[in-house]
Structures are given as structure tokens and as C-alpha cells.
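Biologist: I would like to go through this structure one question at a time. Please show it first.

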Amino acid sequence: MGTFYISIILLCRVAQHLFTKRTSNQIEDLKCFFKYGAFRNILSGLLGLLLILITGAGLSADLPTLLISLFSGLMIAASTGFELVVLKSGTVALSSLFGTAGLLIPCVAGIFLFDKPMSVGQFIGLFLFFVAAYFLISSSSKIYNGFSFKTFLLLLGVMFSNGFTMLAQQMFASYIPNGNVSVFSFLSFSTVGVIMLLASFFIPQSKKNSESSRLTPQLLGFGAILSVAVFIINQLATMAAATVSPVILFTFINGGSTIIGAIVAAAVFKEKLTVKSVVGILLGIISLVVIKAL
């Protein structure tokens, strides 16, 4: 089942990369982002509720489940925001690599929370990742003239928010082994969705362009597809975390995502695969394998 979960997650990554890039070109202001985020997260939450009703599991949840779910939902929302903004001035491959590098978070946290210290080999892998990032940043800056230090900070945001999302999945699987994953997903998405919906009412309308905050039918369509894809990824990754070794799970899910991101970028968005970008992607994957395997 673990192999099946990973295969489905990687297929969903294709949709995630494809439609996140398309969405980034249509969200123009903060109000639109919060409305879009509310739509996406509430829809993902409803998918979790549907599974709960189908299985008859019930909505009961203890305090640890509530807290981890809220933490997970906030990090998913943050990851979405950072990724949408960074894709305006950085390549898909670069954003994917930094998102993948988020697995450094559970690695470091594992030293303190799960009694899993980092080895010398893993620190070497960390160094290789920064070398890979250098090559991809260099390649990205030639494709997008808008690449800047701000873009780099946003990429760090992608990395940390995605890493904390993985950490939340690992915490739920480790600390609440008998917990219902559908309840976890429902709480993660719906709570943040409601918060973003309420926040959207307090954000002022753009004075320059009153239409910039409107959710177009195309944007809603992209959001619906991403809601399903992200829900499936979160659901299956959390389920797999209870049965599959983290070494295999996070390396395949995230390393595979980097490869998929590069292929989608080259095939659909015509992001040219330069020598530097290919070297960066390969080094990035090698660094991730070293980090999780040693």
C-alpha cells in the first residue's frame, strides 16, 4: 500500500505544479488571495468531511489532534501563499526544489522530538543542497529578470512552510497513532479556510483595480482541481507516515516532486533546462537522498 500511496501522490504533484503556476498569474492582490485560499481550503475540508461521513468515523477529536491539525492547516495555507508569489519571479523547478528541501525541517526536529539525530552524512547532504540551490538560482535569474533577494526570502518561506507541513503529518502519525486521518485533514483545511474567509472581509478592496479581487470562473476551476490534489497528497502522506519509513516516504515524494516540477516546467511553461538547472536538480535530488538515507 505504501508504494501505491506514493504513486498516487506523485500523480497529484503533476496537477499541483501545473495549476499552481497557472493560478499564480491570476491572483493580483491580497484580498483575492484570501478569498481564493478560503475557497480552496474549505473545499478540501469538505472532502475530508465526506470521507468521515462515508466511513462513519465521527467528528470527535482530542486536544492534540486539534492543535496539530490547526498547525498543519496554517502551514498549508502559508505554503500556498509563498508558492503563488514566488512563481511570479522564479521558476517552477526552483520553487519545487525549495519546497522539497522542507524535509530538512522534520530531520532537524527529529533530533529533539523523535530522538533521531542527524549524522555527518546528512550534514554533507545539507551542504550539497545549498550548492544545488545556487545553480538553480543562477539559472532562474536568467529566465526571470524579476528574480531578487525578496524572491529568495519567499523561497525560504516555501521551504519552511512545506517542511512544517511534513512535520505536522509526522507528529500526527507518531503522537496519535490511532487517530483518524480524515478527521485530521478535515480540521486542517476547514479551520484555516474559515479563518481566511473571515479575514477576506476585513481586507480593503484595491482602489486601482476593483476587478483584481474577483474570483474568475477559471481561477475557481484551478482552485477546485488543486483542492482535490492537495487533499489527496495530505491524506495519503499522513496515512503513509504511519506505515512507510520516513526515509522512503519523504525522499520519494519530495525528490520525485522536484523531477516532476522540472518536467512540467519544461514541457508546459517552456522553462528551458539549462546545464546549470539540470546540475542543480540532480544535486538537489542527490542531497535529499543522502540526507534521508545516511
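Biologist: Are Phe19 and Phe222 buried or exposed?

Modeller: This is a predicted model, where local features need pLDDT of at least 70, side-chain atom pairs count only at pLDDT 80 or more, and totals for chains, interfaces and linings use all residues. Residues are numbered from 1 along each chain as its sequence is written, and side-chain values use heavy atoms, without hydrogens and water. Buried means under 20% relative accessible area, exposed over 50%, and partly exposed in between (1.4 Å probe, protein chains only). By that rule, Phe19 and Phe222 are both buried.

Biologist: How many aromatic pairs does a search of the whole structure find?

Modeller: Rings of Phe, Tyr and Trp (its six-membered ring) pair if their centres lie within 6.5 Å; planes under 30 degrees apart count as stacked, over 60 as edge-to-face and the rest as tilted. Searching the whole structure gives a count of 8.

Biologist: What kind of aromatic pair do Phe19 and Phe222 form?

Modeller: The ring centres of Phe19 and Phe222 are 5.4 Å apart, with 50° between the planes. Phe19 lies in helix H1 (residues 2–24) and Phe222 in helix H9 (residues 217–241), 203 residues apart; helices are DSSP runs (H or I, at least four residues) numbered from the N terminus. The pair of Phe19 and Phe222 is tilted.

Biologist: And what kind of aromatic pair do Phe33 and Phe34 form?

Modeller: Phe33 has a relative accessible area of 16%, so Phe33 is buried. Between Phe33 and Phe34 the centres are 5.5 Å apart and the planes make an angle of 75°. That pair is edge-to-face.

Key: Helices (H or I, at least four residues) and strands (E, at least two) are DSSP runs, numbered from the N terminus.
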